[in-house]
Amino acid sequence: MARAIIADDHPLFRAAMKQALSDSLDSDIIEASSFSQLEQQLKQYPQIELVFLDLSMPGNRGLTGLTVLRSQFPDILVVIVSANEDTRVIRQAMALGASGYIPKSVPLPEWQTAVTTVLSGDNWLPESMRTINLTEPDAEMSDFANKLEQLTPQQFKVLQCIADGLLNKQIAYELGVQETTIKQHASAILRKLKCVNRTQAGILFRQMLDTSDTLE
């Protein structure tokens, strides 16, 4: 029975990861080449414990995918896999609930140690990054992460749609609910995020999860 999903759009990299991790996980490993496929698989295989998430795979914009997984599947451990080694991004990812951050430059044998560490309940970073003071993350990001945790999964979906510029009527159609329900969710979102309007909430969401200023 599968315990993990490798979510990356490069098949050769997925194959190498799968080979390196098969002994540590002692189970089948599922692969996903897009974020939408990852979401489908998580619904299909509720036993999944661990996701290795590429920051730049199709359907995943910056750290948005991480926040989606933490909102929709809070019991699943998420380890970020990325060519991006920017300290700011690492701090953001860990503040938003990642269980680890593995640069693609890390030798594959070290991944086994990462898996063992994360599954035992601890966070993992490669030795070269352990000097990063994650106990004092960016105050603004920590505040944002705490506010996001107050949103229900449905409110989180509505916030995503707001950030994409959708109107209430369009969001209602996307989520299959009444427009009045979306208005109620939007009001709750503004209150929890302490934003004065939808535009501010959407901009905040995009800015805090953006990693485009650095290499991915």
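**Entry 1. The domain interface**

I began with the interface of domain 1 and domain 2, where the rule finds four residue pairs in polar contact, both residues of a pair being at pLDDT 80 or more. I took a polar contact as a pair of N or O atoms within 3.5 Å; within protein, one must be able to donate a hydrogen and the other to accept it, and residues adjacent in sequence count only if both atoms are side-chain atoms. I then asked which helices supply at least two residues each to the side of domain 1 that touches domain 2. They are helix H3 (64-72) and helix H4 (87-95). H3 gives the most to that side, with five residues. By class, I found five nonpolar, seven polar and two charged residues on the side of domain 1 that touches domain 2. In this scheme Ala, Val, Leu, Ile, Met, Phe, Trp, Tyr, Cys and Pro are nonpolar, Asp, Glu, Lys and Arg are charged, and the others, Gly among them, are polar. Helices (H or I, at least four residues) and strands (E, at least two) are DSSP runs, numbered from the N terminus.

**Entry 2. Basis of the reading**

I note that this is a predicted model, in which local features need pLDDT of at least 70 and side-chain atom pairs count only at pLDDT 80 or more, while totals for chains, interfaces and linings use all residues. Residues are numbered from 1 along each chain as its sequence is written, and side-chain values use heavy atoms, with hydrogens and water left out.

**Entry 3. Domain layout**

I recorded domain 1 as 4-129 and domain 2 as 139-213; the bounds come from an automatic or database domain assignment. Taken over C-alpha atoms, the centres of domain 1 and domain 2 are 25 Å apart. In contact (heavy atoms within 4.5 Å) are 14 residues of domain 1 and 16 residues of domain 2. The two domains bury about 1,200 Å² between them, and 57% of this is on carbon and sulfur atoms. Buried area here is the accessible area (1.4 Å probe) that two parts lose on being put together, summed over both.

**Entry 4. Salt bridges**

I counted a salt bridge as a side-chain nitrogen of Lys or Arg within 4 Å of a carboxyl oxygen of Asp or Glu. The structure holds eight salt bridges. Glu 49 pairs with Arg 3, the closest N and O atoms being 2.9 Å apart. Glu 49 lies in the loop between H2 and strand S3 (50-54) and Arg 3 in the segment before strand S1 (4-7), so this pair ties together parts that are 46 residues apart in sequence. Glu 49 is partly exposed at 33% relative accessible area, and Arg 3 is partly exposed at 25%. I used buried for under 20% relative accessible area, exposed for over 50%, and partly exposed for values in between (1.4 Å probe, protein chains only).

How many salt bridges are there between domain 1 and domain 2? I found one. Asp 164 forms a salt bridge with Arg 61, with 3.0 Å between the closest N and O atoms. Asp 164 lies in the loop between helix H7 (153-163) and helix H8 (168-175), and Arg 61 in the loop between S3 and H3, so the pair ties together parts that are 103 residues apart in sequence. Asp 164 is partly exposed, with a relative accessible area of 45%.

Asp 143 and Lys 147 also form a salt bridge, at 3.0 Å between the closest N and O atoms. Both lie in helix H6 (residues 139-149), four residues apart, about one turn of the helix. Asp 143 is partly exposed at 38%, whereas Lys 147 is buried at 14%. Salt bridges that share partners join Asp 8, Asp 54 and Lys 104 into one network.

**Entry 5. Buried positions**

I returned to H3 and found it mostly covered, with seven of its nine residues buried. The buried residues include Leu 66, Val 68 and Leu 69.

Gln 41 is found in helix H2 (residues 35-44) and is buried, at 9% relative accessible area. A polar atom of the Gln 41 side chain lies 2.9 Å from the backbone oxygen of Glu 31. Leaving aside neighbours within four places in sequence, Gln 41 is in contact with Ile 5, Ile 30, Glu 31 and Ala 32.

Is Ser 99 buried or exposed? Ser 99 is buried, with a relative accessible area of 10%. I located Ser 99 in the loop between H4 and strand S5 (100-103).
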